[in-house]
Amino acid sequence: MLSALLNIDCSLNGSRAQGEKLLSDLSTWRIGGPCKFFVQVSDHHQLASSLRHCNEQSMRYIVIGKGSNCLFDDLGFDGCVIRNSIVFLERNEPCLFRAGSGYPFNRLGLQTANEGFSGLEFAAGIPGTVGGAAYMNAGANGQETADAVESVEIMTREGEYVILNRSELGFGYRWSSFRDMKELAAITAVTFKLKVSKTAKKNQQEYMERRRRSQPLEEASAGSVFRNPEGADLSAAQLIERAGLKGCRVGGAVISEKHANFFINRSGATSGDMLRLIDLAKEAVWRQFGIELQQEVLYIPP
């Protein structure tokens, strides 16, 4: 971590080029310009040091995982991007798994199902991290992250380490109380309580086969762009498809012909292309169905 912090210090002293890290390299959408400073952390002590440094310098910062739910701007980010690489997995009791927030969520889903544990089978097809999954309460196939959460460890903006039990947390459809925690800097680890299951691996394989058939997993996307509207008979993908927008293109951004809630960077899309395509889909669905689509992806202004 010392070398990482020295990188920031050297940048501030002008001995290292600023803006050399492209956010397109940190995003599954492959969109985004340079950030002013970049640091990668591998444990909560390093994260606390980075936060303290940014606070002392009155520097804007953002903590990211795999960048699978973010749209960065082509202008980049005028501050420090802290990449969460807190990657570990512990099995504390037979059914308890504690994972670092930077641990790949799909890998966790595969490992636990292969070992005969149910609760995270759906995770195998989700490209983000454990922390991101808890933050947004990721889910699919009738399962969601909240169902398996036992406790969550967080870091506040002042660098304080806090453990929150499940009873202290709120979850809803693609929502968690973390979104309303103004003092939250990052999730650092999550403990999951799973159940022994003889069918977990088989169920997961069926989920993955359906996902491969229905989603453009091989293309550059951020997963689902919109939440499914609550109380509606149709999903966001069905609404966009019925609005006639499959294959619709704005610059290099395209609405997938395979799944209408996946927006693809097919040929050098800019953040402007993607934002205009998102607005186009919102307007078309509102005009035809009177339903306002809510974004899952987060736009990060420069």
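Are Phe 226 and Phe 263 buried or exposed? Both are buried, where buried means under 20% relative accessible area, exposed over 50%, and partly exposed anything in between (1.4 Å probe, protein chains only).

Before going on, some ground rules. This is a predicted model, so local features need pLDDT of at least 70 and side-chain atom pairs count only at pLDDT 80 or more, while totals for chains, interfaces and linings use all residues. Residues are numbered from 1 along each chain as its sequence is written, and side-chain values use heavy atoms, with hydrogens and water left out.

**Aromatic pairs**

A pair of aromatic rings is described by the distance of the centres and the angle of the planes. Here, rings of Phe, Tyr and Trp (its six-membered ring) pair if their centres lie within 6.5 Å; planes under 30 degrees apart are stacked, over 60 edge-to-face, and the rest tilted. That rule gives 5 aromatic pairs, and here are two of them:

| Pair | Centre to centre | Angle between planes | Class |
|---|---|---|---|
| Phe 105 and Phe 122 | 5.7 Å | 70° | edge-to-face |
| Phe 226 and Phe 263 | 5.9 Å | 75° | edge-to-face |

What does the Phe 105 and Phe 122 pair tie together? Phe 105 lies in helix H3 (residues 105-114) and Phe 122 in the loop between strand S8 (117-118) and H4, so the pair connects parts that are 17 residues apart in sequence. As for the labels, helices (H or I, at least four residues) and strands (E, at least two) are DSSP runs, numbered from the N terminus.

**Charges over rings**

A charge sits over a ring if NZ of Lys or CZ of Arg is within 6 Å of the ring centre and within 35 degrees of the ring normal. Lys 21 has its charged end over the ring of Phe 38, 5.1 Å from the centre. Arg 107 lies over the face of Tyr 103, at 5.1 Å from the ring centre.

**Positive phi**

Ser 58, a residue other than glycine, has a positive phi near 50°. You'll find Ser 58 in the loop between helix H2 (44-56) and strand S3 (61-64), exposed at a relative accessible area of 69%. Asn 137, also not a glycine, has a positive phi near 50° and lies in the loop between helix H4 (130-136) and strand S9 (139-140). Asn 137 counts as buried, at 0% relative accessibility.
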